[in-house]
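Please look over the sequence and the model below before reading on. The paragraphs that follow go from the whole chain to single residues.

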Amino acid sequence: MSSTDQAQLQNPLQPQTPSFAMLRTLGGIAMLAGFLVVMVFQWTKPIIEENKRIAIEKAIFKVVPGAASRKNFVLSAAGLFPAETPDAQGETIYAAYDANGELQGVALEAAATGYQDVIRILYGYSPACQCVTGIKVLKMAETPGLGYKIAFDPAFLENFVALDGKLNNDKSGLENNIVAVKHGNKSQPWQVDSISGATISSKAIARMINDSGQRMFPLIAKHLSEMQGGRE
Ligand SMILES: Cc1cc2nc3c(=O)[nH]c(=O)nc-3n(C[C@H](O)[C@H](O)[C@H](O)COP(=O)(O)O)c2cc1C
């Protein structure tokens, strides 16, 4: 005989919790919790979007030296469209202009999986020198003291001051893949000198710029005059 049965025999008048009331209470709590989660999500979404916009805005002027203003476009094989064009499909890119309104460069977003999680960056590209002009890490979860250095290590960031992103002869992609090499082994302008002890994070940065560049630099070249005339 179970202990519950024994307790029932000893005190037959002991009240039982009806299962319907229990289910109703639990269901109510679950519904309330779900409702609160949705409410918090809806409430924080515009705040998160706004913070992301501000972070990108600041980063554009860092990765494109000399930039004083910018205009957002959406770019894909279908064409170049001002970002406000309804239903425009493609990647958002940020054309950056100097104080005289001359196109200084383009800032692009790129992402790849690092050691822990996805790393997301904004990087600058100069169509004039066909080179990467700077990077800013927007999001990462790399290990402090190791992968984290991709955002702050001056020697690593030096890689991206004039990283070669030349187009091939038919302008369909890069002449050379942008690749990370072991620390101290960089011998070509399209190579990224990795951080010692953080080769995985370093490779992720090179890979994401290469993938983005192979896709986007030919499109930027194709629509360069529209972008030059696109300043506000
Ligand atoms: C706890 C722990 C955290 C690590 N975090 C990173 C990291 O954030 N980024 C990274 O590239 N490597 C990280 N590593 C090191 C990698 O496992 C690997 O050893 C390293 O990327 C290889 O770089 P190396 O060839 O320069 O030694 C971590 C290793 C350990 C044990």
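Predicted model: local features only at pLDDT ≥ 70, side-chain atom pairs only at ≥ 80, totals over all residues.

Two residues are in contact if their C-beta atoms, placed from the backbone, lie within 7 Å. With that rule, Leu80 can be described by what it touches: leaving aside neighbours within four places in sequence, Leu80 is in contact with Phe73, Leu75, His223, Glu226 and Met227.

Start with the overall plan. The protein has five helices and nine strands. Followed along the sequence, their order is α-α-β-β-β-β-β-β-α-β-β-β-α-α.

How does the radius of gyration of the protein stand against that of a compact globule of 232 residues? Such a globule would have a value near 17 Å, whereas the protein has 27 Å. Along the principal axes, the C-alpha atoms fill a box of roughly 90 × 45 × 30 Å. Of the 232 residues, 29% count as buried.

Contacts can also be sorted by separation along the chain. Taking contacts between residues at least 6 apart in sequence, 57% join residues at least 24 apart.

The domain assignment gives domain 1 as residues 20–57 and domain 2 as residues 110–228. The C-alpha centres of domain 1 and domain 2 are 36 Å apart.

Now turn to the interior. In soluble globular proteins, nonpolar side chains tend to be buried together. In this model the largest nonpolar core has 46 residues, and Ala107, Tyr123 and Ile205 have the most contacts inside it. At least two residues of this core come from each of helix H2 (19–63), strand S1 (69–76), strand S3 (91–97), strand S4 (103–113), strand S5 (118–126), strand S6 (131–139) and helix H4 (199–222). Which of these elements gives the most to the core? That is H4, with eight residues.

Tyr123 shows what a place in this core looks like. Not counting residues up to four places away in sequence, Tyr123 touches Val63, Ala107, Leu108, Ala110, Val132, Gly134, Ile135, Phe160 and Ile209. Ala107, another of the residues with the most contacts inside the core, is among these partners.

Ser126 is found in strand S5. Is Ser126 buried or exposed? Ser126 counts as buried because it has 20 C-beta neighbours inside 10 Å, and 20 or more are needed for that label. Beyond residues up to four places away in sequence, Ser126 touches Gly105, Cys131 and Thr133. Ser126 and Pro218 are 92 residues apart in sequence, yet their C-alpha atoms are 13 Å apart in space.

Leu80 is buried, because 21 other C-beta atoms lie within 10 Å. Its listed partners include Phe73 and Leu75 as well as His223, Glu226 and Met227. The C-alpha atoms of Leu80 and Leu167, which are 87 residues apart along the chain, are separated by 19 Å.

Other residues lie at the exposed end of the scale. The place of Glu49 is in helix H2. Glu49 counts as exposed because it has 10 C-beta neighbours inside 10 Å, and a residue is exposed if the number is 12 or fewer. Glu49 and Lys182 are 133 residues apart along the chain, and their C-alpha atoms are separated by 37 Å.

Asp87 sits in the loop between strand S2 (79–82) and S3. Its phi is near 65°, a positive value in a residue other than glycine. With 6 other C-beta atoms within 10 Å, Asp87 is exposed. Lys171 is in the loop between strand S7 (163–164) and strand S8 (179–181). Phi of Lys171 is near 55°, again a positive value in a residue other than glycine. Lys171 is exposed, with 11 other C-beta atoms within 10 Å.

The last stop is the ligand. Which residues surround the ligand? They are Tyr115, Glu142, Thr143, Leu146, Gly147, Ser196, Gly197, Ala198, Thr199, Ile200 and Ser201. By class, this shell has four nonpolar, six polar and one charged residues.

Notes: Residues numbered from 1 in each chain as written. Helix = DSSP H or I, 4+ residues; strand = E, 2+ residues; numbered from the N terminus. Rg over C-alpha atoms; globule rule 2.2 N^0.38 Å. Core = buried A, V, L, I, M, F, W, Y, C linked by C-beta atoms within 7 Å. Domains from an automatic or database assignment. Near = placed C-beta within 6 Å. Nonpolar A, V, L, I, M, F, W, Y, C, P; charged D, E, K, R; others polar.
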